[in-house]
Every structure is written in structure tokens, then in C-alpha cells.
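Keep the viewer open and have the selection tool ready.

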Amino acid sequence: MAGYTQHHATCKPQKPHITPPFFFKNASFCSLALILFLCTFSYLFGVWQHGGNITLRTRTATQTANTVVSFPCNPSSSGKDEKLEKSLDFSSHHVADDDTTVLSSETKAYPPCNASLSEYTPCEDAKRSLKFKRRRLIYRERHCPAKDEVLKCRIPAPHGYKSPFPWPKSRDYAWYANVPHKHLTVEKAVQNWIRYEGERFKFPGGGTMFPNGADAYIDDIGKLINLKDGSIRTAVDTGCGVASWGAYLLSRNILTMSFAPRDTHEAQVQFALERGVPALVGVIASKRLPYPSRAFDMAHCSRCLIPWAESDGQYLIEVDRILRPGGYWILSGPPINWRKYWKGWERTKEDLSDEQTRIENVAKSLCWKKFVEKGDIAIWQKPLNHLNCKVNRKITQNPPLCPAQDPDKAWYTNLETCLTNLPEVSRNQEVAGGKLAKWPDRLNAIPPRISRGTVEGVTAETFQEDIQLWNRRLSYYKTVNNQLAQPRRYRNLLDMNAYLGGFAAALVDDPVWVMNVVPVQTKVNTLGVIYERGLIGTYQDWCEAMSTYPRTYDLIHADSVFSLYESRCEMEDILLEMDRVLRPEGSVIIRDDVDLLVKIKRITDGLNWDSQIIDHEDGPLERQKLLFAVKSYWAAPADSDHSRIKTS
């Protein structure tokens, strides 16, 4: 079409070419000659200063190459998604002003760790935990290594490691080589937790209190509360075992945060993650759980062995903090239905009856109401607000309402024996903090924390803009890494700096789940917003290791993480932790300033990742770039025998 100008999403339209008049040509020629002379002189002078040596840099698979891949500003006339690579050398132009840093062409290599460390969890190390008190399970909490104890090596995968089964088959099967532990197959054989079948494990879906399977158990719960109308979206399972409860809730569009300590039930959380089910290593002991207040629609304990009535009810008070107004707490196992099971539990009737009475009293003191008890299941419901509860506090002060505090603060924060205040309301039927939409509308509805103006700097408009931004960014990611568009290539995803959860929200239709992390160093705490969208996540300080096993995630996304931590801790320590929790052949996407990405790439080369710096989705003029990387496959050899291993 005459006058038609072709545009591209990431490029400005080209200006029309205008032929200059004849009398400008001589002046233009003289200017060009002068510029050419000056450039040539400057180049030769620079070569003389550096001893006359001219080195041409060539790029190999193992060499650090500070290049940026650009996508074409003008799509090919054939209409195909062809990629045009334009190499840009950043080594001379994007070096940070840091006299203490020597940028060398040589890459620092990070050796493999000892094969005995294949399941190393730095902050839940069994040997280190023995230094701490056993009272109230404090020794099972996070206890991270000192700076001089942090390992500078790469955690190996066990010999014979294979890519996990794709979802949903992974819910029922896992490779034995990936988690080589048979202890639970014997200890929990009668309860149908897990079976060993040749080279793989099978998960029949059973549990201590649901030997007939989690599906049937959830159906029983569904007869007591509504699990189908979208009002229950987020759940937390305390003492989750191999997370079968959370695994089978996924088919009902309920997303569960499962956690359990690293204890004698060997590798239970690792099994959950291998199955493709969200989980973390964790315990209720002396610190708050790493979740914001009013996060979960439903909390669950199935013979989780937590002494709910002890320590002045602190553990149930913590459940109250993270439970939404109107949310449910489900308890099965001791002491529920003790009249039927007291002999099998090897406890007296009086002991079990007393325990249930004390639990009932703690729940009542929190203003919960007993919703139902039927068979092996008892359910309590948290009130919609504290209007009546505050009236009752004038009569009884146990537990008292907490003084002014931040109920969302939950990183190394001590448990308290006071009731967390709910936001103020004016009517009995008003939901404290705001009523949430039902799922799936909840995902893109304005979260109450934003509509009520409690998140600094975030408005309804900026929230909507964030949705559009991440839809566009994810589309760009999929053009660079086409495996993101392939169903079941990835399952477990980590977003290291999630902000409002936009990355996870853009992936909601894909068969993946995302652990949304809000770093504790961010200026604005947005994890509550993420939960109000029907997503899950946790707090984390990336100067420390994450509470999870090695090889947890298939893909890691890090948006401005290294800018946030630039002056706080070592870049290599964060990348080594990413390497620890990333599966062999897993992928990484890092968004950050180009100067930082140049440094990051040198380290990722030393980690034996295959990586490349890519232009921002808005084009090459943006300082922020992206680094796409893939972790190489390597594992311990068959004869490792806890010796130093080699990469393959």
C-alpha cells in the first residue's frame, strides 16, 4: 500500500529518507573526512598506549562473552519468527566503577561439592541443629551457616538423576534415583503414603488419617464445607507428610502451601517437591511462619503432632494470624474421635479427652466457633471480624489483643501469646480487611489491601498496569525460550522478587505453580497482596539459603534481585544458592541492569550454565537487559562413595 510504514512492537518507525540539496554535499564530505581522520587517530593512539597489541575476541561455548542478542526491528517479509543476532561487546563500556573488582577474561570455576552433600539444606542442617535447644523444636528451625561456613561449591545431583515425570503423572510417581530413600515405604506402608516399585516410587495418595486416599478424605471434607464455589482458594497444610492432601486439592483449584520439618520422616518435603507439589521445609516452634496475616482460606492438620493446646496456645494463635476472616481450621487425628482410636493411639481416654477440651478452650478464646465434628474430622471457623470478640475481651483477657504491631512481619519474628487484631469494621457481617472475590475472579480483581490504600505506592491503576506489563513480558519470554510455551516442560517455578505476583498470574493457565518470594529487604511488603490474588509465596532474605531441598525448581525468575542485594551480600552466594535449588537442565531468567548482568554472566559461566544476555522487550536502548540461562546436566558418578565428583 502506498505510504505504508511497517512497525514493530519494540522499535520506533523509521524516518523517511530525504535527499539533501546539492550545495550541502561538499560540506558533508569534508565533515565526514574530518571525523574519519579523528577516529583513526584515536584508535591508533589507543593501540600505542596498550603496547601495540590488538586482540580480536572470539566467542566459544565456555568463554565469558559480554554480548547482547537483539531481535529484529523489522520482521522478515516472510512473516516467520526469525531471530537476528547482533553481538555487542560490553567489556569496555559497561564496567562498574569499583576499584576493588578486577574484571578478568578468566572465569572463576566453582568445583563440585562432596557427593555426600547432594541433599544439603544449609539452614536446616542436621549437624548444626544439634547446637540448639530441643525445647519446643527450636533446633528444627532455621539456623543458617556463618559467612565463613558458606560453601563455595556446586551441590551434586545423586547418581542416575532423571528429569521428573511431567505433571500430572508426577503426582503419582517419582524416580527412586532422584530421592533414594526407602524409609517411608516401610514406616508408612500400612498408611499408603508411598510404595517402592522397581526404579520408581508410587504415591497412592494415602495418609495417616486417610489410608483410603486423599481424594476420598477431601470428598469427606467437601461434604462439611464448600470446596467447589471458589470461596476457598489458598490452604496451608501443617506437617504435610508427602503432601498428598495438597496434591489432590489442586484438581479442585485449591492451591496449598505444604510444610514439614526436616526430621526423622526422611525426605518427606523432598518427595512432595519431586511430585510437583508446592512445599517448604518449616516448623511451628518459636518463630512466626513466613507468611503474612490473613493469607489462607483454610488450614489443615492431619495427625501433624503439633501440641496445639500447649505454650499458652501459641501455635493455634499463629494459625489464627495467617487464617483469613471466615476461614476454616481442620483437625483430624488425635484427639479427634478418641473414643474410637484411643487404644490404637496407646493413650488413655482421660488424657485424650483432656487434650480435646484444652484445644476447644483455646479455639474459643480466639473467638472461633466449632463449625462441625463428624467422624474423624473436626472443623472450626474464624470470625469475620472482631466486633464481638472485643466485647468479650472486657470479660476475659486470655489471650489479650496484641498491642499495635505489624501483623504481616514474619521473618525471624517471635511468636506471641496475644490475639492479632483484625482491621476495624462497623458492622457485624462486614469482613475485616475486605471481602475477597471468588476464584478465578480473585486473580485480577483489585486486592482489598490495594483498594483500601494500605500498600504504599500501589493503586488500582498501577495494579491493572502491572497485569498488562507481565502479560506482555511473558509473551516476550516465550519468544526467547520457546520451551516456556510447551506444556509440562516446567512444573515448579520460583519468582525471587515477585512484587504483586504478576509473573505467576500471567502463567495461571499453564500447568505450573509459582513460589512467589517477597524479599524482606524490599521497601513495600506486597506478599499479602499476592495471597489476596489467590497465589502463594513466602518471605526470604537472599543473603541466606532458602528452606528447601536441592533441585526444587525447574525455572527461576529473578527481577532486579541483584540490584536489591548489590551492597548487602556476595553475588556469587546468591547464584550458588540458585544453582543449588535449580534442577539439572533447569532454566533461569534474570532481569537487571546491564552492568550487573555482565558480572553475573561471568559467574554463571563458572557454574557451567549456558547463558546469554538478551535485549529488553522494549528494545536495545533500555539499560535493563535479560540473561537467559540453562543449567548443565551433571550428577555424581556411580562410584562416588562420598568422594569428590566430576561434572559430566
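Select strand β15, residues 553-559: 7 of its 7 residues are buried, so the strand is largely enclosed by the rest of the structure. Buried means under 20% relative accessible area, with a 1.4 Å probe and protein chains only. Helices (H or I, at least four residues) and strands (E, at least two) are DSSP runs, numbered from the N terminus. The model is predicted, and local features need pLDDT of at least 70, side-chain atom pairs pLDDT 80 or more, while totals for chains, interfaces and linings use all residues. Residues are numbered from 1 along each chain as its sequence is written, and side-chain values use heavy atoms, leaving out hydrogens and water.

Two strands pair if DSSP finds at least two bridges between them. Look for Asp495, which stands opposite His557 in β15.

Finally, select helix α16 (residues 571-581) and helix α17 (residues 594-606). At what angle do α16 and α17 pack? The angle is about 55 degrees, and the axes, lines fitted to C-alpha atoms over the stretch in contact, are 10 Å apart. α16 and α17 are therefore oblique to each other; angles under 35 degrees count as roughly parallel, over 145 as roughly antiparallel, 65 to 115 as roughly perpendicular and the rest as oblique. To see the contact (heavy atoms within 4.5 Å), show Met571, Glu572 and Leu575 of α16 with Leu596, Lys599, Ile600, Ile603 and Thr604 of α17.

Methods: Buried means under 20% relative accessible area, exposed over 50%, partly exposed in between (1.4 Å probe, protein chains only). Axes are lines fitted to C-alpha atoms, for helices over the stretch in contact, and angles run from 0 to 180 degrees between N-to-C directions.
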